[in-house]
Amino acid sequence: MVSSVLAGVLAARRSLFNQRVAEARHRWPGFDTAALSAFITQTLDPVCVAVAQVDAAATLVVAETGFDVGLELVAQGLAGPAARLPWVDAAWQQLAMPAAALIAHEPLQVLGALSNAVVRMDNVPGVRVPEWIAAMQPLAARCTSGAQLRAVGALCAWQAGMVQLREAALAQSAQLPDDLVAEALGVAGGQVDAVRQQLQRERWWNPRTQAMEAQGQLLGGFTGLGGPFAAPPELRACALGFIARSGERHHLLLADAFGAVVLPASAAEFAAASATPARAAVVDAQGVQVGARHVRFAAPEEGLQAVTGPAGIAIHSPYSHHVRVVPEVA
């Protein structure tokens, strides 16, 4: 059962919505109408109720827009009880109230941005989508435009493990109010400029702990167990991170204080990268000693290697499908 807010819209637009469903069933044979009904009740309804509380006049447009967007998402298996991932419903349900004013003003842009964000993050192994949704709850209410919401979303997505957004998120943060950036980064308002500068210099520094992530990040894994590497990777350093060659495939490894990702790369990028040994890393029977730190890495001492580059040190082994990337200095 839906609220009286949405019930009124459904009654007033019944013929239009029925037509949209008929078109969907023609476009997608086997379209799950029961899943759409559940989406309307469990996900669209809370959005409409939240919008009605801040701008009742916008409810009709929001309901119609949400219905159309939801219909497409359900058809693609991205929303509703049969969805292959839970994040679209979670984002709409949990961010409807804080983002209600923005949804009322820009329903298609905001609902689309929230949906695209969580789907994109889900496609990158290791990214922490629930953390992003939780971080966005207090921040969405303070955004005054869809553009601000997207910029804040990028800042939070980077901190939830989307390392590839690092430079863009920092650049976009310069266009946001300092108090909003401060809350997103977990620092005091007067520290924003200094924190931003340090983040640009030090990819391994975490502003929330005010410390370097000494153990770095572990990434990779065997393809047979859901990882990216068919064979133990060979590593070389590039300006952004490291290029891995595993069998006939190549990958870009990015890591910083907030997470690590493995992205596609090319043979040409691997050939152009550097295989400079990390002189600061000393291999011993317990793992690798980097300066005064002992870095954990579960592999035999034999063949253990460490490559250095602008992004840190990458530790790898011919007997492991994993790689640990750590800061050179911590």
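## Helix 7 and its neighbours

In this predicted model, the buried residues of helix 7 pack against helix 3 (33–54), helix 4, helix 5 (87–95), helix 6 (100–105), helix 8 (129–140) and helix 9 (146–159). The buried set consists of P107, V110, L111, G112, L114, S115, V118, V119 and M121.

Let's check the geometry of this helix as well. Helix 7 covers residues 107–122, and at 1.5 Å a residue its 16 residues should span 22 Å. The C-alpha atoms at its ends lie 23 Å apart, which agrees with that expectation.

## Helix 2 beside helix 4

Helix 4 (residues 59–75) also has helix 2 (residues 14–27) as a partner: their axes come within 11 Å and cross at roughly 15 degrees. Angles under 35 degrees count as roughly parallel, and the two helices are therefore roughly parallel to each other. The crossing of helix 2 past helix 4 is right-handed.

Which residues of helix 2 meet helix 4? They are L16, F17, R20, V21, A24 and R27, and on the helix 4 side they meet E64, F67, D68, L71 and E72.

## A positive phi at Q210

One more spot to look at is Q210, which has a positive phi of about 60 degrees although it is not a glycine. Where does Q210 sit? Its place is in the loop between strand 1 (205–206) and strand 2 (211–212). With a relative accessible area of 48%, Q210 is partly exposed.

Conventions: Residues are numbered from 1 along each chain as its sequence is written. This is a predicted model: local features need pLDDT of at least 70, side-chain atom pairs count only at pLDDT 80 or more; totals for chains, interfaces and linings use all residues. Side-chain values use heavy atoms; hydrogens and water are left out. Axes are lines fitted to C-alpha atoms, for helices over the stretch in contact, and angles run from 0 to 180 degrees between N-to-C directions. Helices (H or I, at least four residues) and strands (E, at least two) are DSSP runs, numbered from the N terminus. Angles under 35 degrees count as roughly parallel, over 145 as roughly antiparallel, 65 to 115 as roughly perpendicular and the rest as oblique. A crossing is left-handed if the near helix is turned anticlockwise from the far one by less than a right angle, and right-handed if clockwise. Contact means heavy atoms within 4.5 Å. The expected span of a helix is 1.5 Å times one less than its number of residues. Buried means under 20% relative accessible area, exposed over 50%, partly exposed in between (1.4 Å probe, protein chains only).
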